[in-house]
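Please find below a colleague's note on the model shown here.

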Amino acid sequence: MTEDENYMRAALELARQGREAGEVPVGALVVCRGEVVGRGYNQPISSHDPTAHAEVMALRDASARMANYRLVGCTLYVTMEPCVMCAGAILHARVARVVYGAREYKTGAHGSIIDVFAEPRLNYHCDIAGGVLGDECAAMISGFFEARRQQKKEGVQ
């Protein structure tokens, strides 16, 4: 198993925590010099905060731990392709590399809808790789929404 796969498994565990909390199961972590410095999972529902995506939560955690809003040299692992908001936060934080699992065909900002990371007019760019444990990450999301549809069908909220 590669280092990226190991970290993505840790991000999947964070996604499971989000699922157990009733959130859309997306998990993220920030790694700097081989150490996990930030963790997060989706929390917009429970926190009443539309910005509380897994990536933002992991960036906030890492920035607080490192006492710096710049995360130069760090890698962000996330189970789903970042949205435009998260892509902006990633670039502002100066994350060096992003590794994600599943594509997000409705809101993805790495080419599924738009490619913010490749926008030449922006003053910062990072390396980005998708598809790491992509099938597992996609299965977690699709399973979550399938269960929700089934509950709705059965009249369970």
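**Note on a helix and a strand**

1. Val84 has a relative accessibility of 46% and therefore counts as partly exposed; buried means under 20% relative accessible area, exposed over 50%, and partly exposed in between, with a 1.4 Å probe and protein chains only. The model is predicted: local features need pLDDT of at least 70 and side-chain atom pairs count only at pLDDT 80 or more, whereas totals for chains, interfaces and linings use all residues. Residues are numbered from 1 along each chain as its sequence is written, and side-chain values use heavy atoms, with hydrogens and water left out.

2. Together with Ile113 and Ile114, Val84 makes a nonpolar surface patch of about 270 Å². Patches are made of residues with over 30% relative accessible area and no salt bridge, like charges being joined within 9 Å and nonpolar side chains (Val, Leu, Ile, Met, Phe, Trp, Tyr) within 5 Å. A salt bridge is a side-chain nitrogen of Lys or Arg within 4 Å of a carboxyl oxygen of Asp or Glu. Areas follow the Shrake-Rupley method with a 1.4 Å probe, and for residues only the protein chains shown count as cover.

3. Val84 belongs to helix H4, residues 84-92; helices (H or I, at least four residues) and strands (E, at least two) are DSSP runs numbered from the N terminus. Buried residues of H4 are Cys86, Ala87, Ile90 and Leu91. Viewed down the axis of H4, its buried residues fall within an arc of 135°, so they line one face of the helix; the arc is that of the directions from the helix axis to the C-beta atoms. Helix H3 (54-66), strand E3 (74-80) and strand E4 (97-102) are included in what covers them, contact meaning heavy atoms within 4.5 Å. Arg94, which follows H4, has a positive phi near 65°.

4. In strand E1 (residues 27-32), 6 of the 6 residues are buried, so the strand is largely enclosed by the rest of the structure. Gly27, Leu29 and Val31 lie on one side, and Ala28, Val30 and Cys32 on the other.

5. E1 runs antiparallel to strand E2 (residues 35-41), joined by 6 bridges; two strands pair if DSSP finds at least two bridges between them. Leu29 has Arg39 as its bridge partner in E2, and Cys32 has Glu35. The two strands form a hairpin with 2 residues between them, where Arg33 in the turn has a positive phi of about 50°.

6. E1 also pairs with E3 in the antiparallel sense, over 5 bridges. Within E3, Val78 is the bridge partner of Ala28.
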